[in-house]
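Here are some notes to read alongside the model, written for someone opening it for the first time. Could you go through them in order?

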Amino acid sequence: MSTFFHRPCDTAPLPGELDVFHPAAAEQVRRYHRGMAGYTETPLRDLHSLAGDLGLRRFQVKDESLRFGLNAFKVLGGSYAMGRILAERMGLAPEEMTFEQVTEQLKTGSGSYTFITATDGNHGRGVAYTAAQLHQRCIVLLPAHTAEERVRNIAALGAEAVVTDLLYDDAVRLAAKMAREKGYILVQDTAWPGYEQIPLWIMQGYMTMADECLQRMQTPPTHLFLQAGVGSMAAAVAACLSAAYPQSPMKVIIVEPDQADCLARTARTPDGQLCRVPGDMNSMMAGLCCGEACTLAWEILRRKAAYYVTIPDAVAALGMRVLGNPLSDDPRIISGESGASTTGFVVELMRSPELADVRAELEIGRDSSVLCISTEGDTDRENYRAVVWNGRCPYPEKKD
Ligand SMILES: Cc1ncc(COP(=O)(O)O)c(C=O)c1O
C-alpha cells in the first residue's frame with residue numbers, strides 16, 4: 001500500500017547559489033542541448049480518455065523514452081554538466097556556452113579527459129553518450145545485479161562499463177575515490193558536502209524538460225507528480241515550474257519506492273535532517289533506488305514540495321500497464337519501472353477508496369490538471385515484458 005505524508009513547505013528563501021532554476025536559465029540550457037546530435041523535443045502527451053476515466057480535467061505525461069534515442073531523460077543532466085566543466089577549463093563564458101563551441105574548443109586544445117561516474121544505468125548511459133560525442137574517455141561503475149541490457153547499452157557507446165559487487169551508494173563512493181586518486185573527472189548526479197558544483201550543473205541540465213513543458217502548456221498544472229531517487233530531477237523541475245508560475249497554487253508531490261524512501265523519511269523529521277536508507281533496496285524501480293538524498297535537491301524540495309508518497313512495485317507496474325495499454329484514442333507510452341511510478345500512483349490515488357482522505361487533502365478531482373513525467377522507456381525490456389505482458393507484480397484489487 002502506498003503511504004502519504006504532508007510536510008508544509010519551508011518559507012525561508014532559497015540560498016542564492018540555488019536560485020538558478022528559472023525559465024530564462026532553462027532556455028539557455030535547452031539551447032546547449034539543441035547543439036547535440038540527436039536532440040529533439042520529447043512529446044507532452046494529453047491523455048484525455050484516461051483523465052476522464054480517473055475523474056480529472058487533464059492528465060499530461062511527458063514521454064522521455066524518446067530522449068536522444070537513449071530511452072530516458074538522464075542524459076540531459078550529465079551532458080550539460082560535462083559542457084560546463086569543459087567550458088570552465090577552456091575559459092568559455094557559461095551564459096553563451098553551446099555544444100558546438102565546446103567541441104570546437106576541444107579540437108583546437110590539446111587536453112583529453114577521463115570522465116567517471118556510478119549509475120543504475122540511465123545516468124551512465126547519458127554520460128557515455130556525451131563522452132562519445134566529445135571523443136573523451138569514460139568509465140561507468142554499476143552496482144551489483146544491474147540488468148545486463150543496461151550494461152550493454154553503456155558499453156555500446158564506447159565507455160568502460162564495470163559491474164561492481166556494490167550497492168549504488170557505495171559504487172558512487174568508489175567512483176569518487178577513483179576520481180581523486182587518478183585525476184578523473186567525476187560526473188555524479190548527487191551532491192554531498194564538498195561536491196556540489198557538478199551536481200548543481202546536472203540539475204540545471206534537467207531544466208530542458210521544464211522548458212519544453214513551458215513552451216507547450218497553456219496553463220500550469222494544479223498537481224505536479226515527480227518521482228525521486230536522490231531528488232535532483234524533481235528539485236530542478238519543481239523549482240523551474242514554480243518560478244515560471246509564481247502565483248499558481250500548484251501542488252508538488254514526490255513519489256519514491258517504499259524500499260528507497262530517503263526523501264519521505266527526511267520529510268518526516270521535525271528539522272528536515274537528511275535520513276539515509278541503509279542496506280539493499282529490493283525494488284524494480286532501479287532508477288529510484290537511492291538511499292541518500294542529494295543535499296542540494298533537498299534544500300529545494302523542502303521549500304517547493306509539500307507531499308511525499310511511497311509506493312510498492314505493484315503501483316509502478318500498474319502505471320506501466322496503464323500507459324502501455326491506452327484507453328480509446330489516447331497515445332501509447334512505453335514507460336519503464338521508474339518512469340511509470342508517478343502515473344501508477346495517480347491511478348491508484350484516483351481509484352482507491354482507501355485513499356479518499358489523501359484525495360481530499362490534495363484537493364484533486366474534476367477541476368485538476370495533472371502533469372507527470374515518464375522519465376524512462378523500457379530500459380529493462382525483459383522486466384517490461386514480464387510486467388506488461390505476463391502480469392508480474394499484479395496490483396491487488398480489493399475483493400468484496
Ligand atoms: C528513469 C529515472 N527516473 C527518475 C530518476 C530519479 O532522478 P533523481 O535521482 O535525480 O531523483 C532516475 C535516476 O536515475 C531515473 O533513472
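1. First, a word on domains: their bounds come from an automatic or database domain assignment. For this chain, that assignment gives domain 1 (3–73 + 203–388) and domain 2 (75–199). Taken over C-alpha atoms, the centres of domain 1 and domain 2 are 24 Å apart.

2. Some ground rules before going on. This is a predicted model, where local features need pLDDT of at least 70 and side-chain atom pairs count only at pLDDT 80 or more, while totals for chains, interfaces and linings use all residues. Residues are numbered from 1 along each chain as its sequence is written.

3. How do the two domains touch? Counting two residues as in contact if their C-beta atoms, placed from the backbone, lie within 7 Å, 36 residues of domain 1 are in contact with 32 residues of domain 2. Helices (H or I, at least four residues) and strands (E, at least two) are DSSP runs, numbered from the N terminus. On the side of domain 1 that touches domain 2, the elements giving two or more residues include helix H1 (23–34) and helix H16 (381–388). H1 gives the most there, with five residues.

4. What sort of residues make up that side of domain 1? They divide into 17 nonpolar, eleven polar and eight charged. Here Ala, Val, Leu, Ile, Met, Phe, Trp, Tyr, Cys and Pro count as nonpolar, Asp, Glu, Lys and Arg as charged, and the others, Gly among them, as polar.

5. Now the ligand. Domain 1 and domain 2 both give residues to the shell around the ligand, so it lies between them. Of the 21 residues around the ligand, Gly229, Ser232, Gly287, Thr375 and Glu376 come nearest. Helix H10 (232–244) and helix H5 (122–134) each supply at least two residues of the shell, and H10 gives the most, with three. By type, the shell has seven nonpolar, ten polar and four charged residues.

6. Last, look at strand E5 (residues 137–142). Five of its six residues are buried (20 or more other C-beta atoms within 10 Å of a residue's own, with C-beta atoms placed from the backbone). Two strands pair if DSSP finds at least two bridges between them. E5 pairs in the parallel sense with strand E4 (residues 114–118) over five bridges, and with strand E6 (residues 160–163), also parallel, over four. Val140 in E5 stands opposite Thr117 and has Ala161 as its bridge partner in E6.

Conventions:
Near = placed C-beta within 6 Å. Buried ≥ 20, exposed ≤ 12 C-beta atoms within 10 Å, placed from the backbone.
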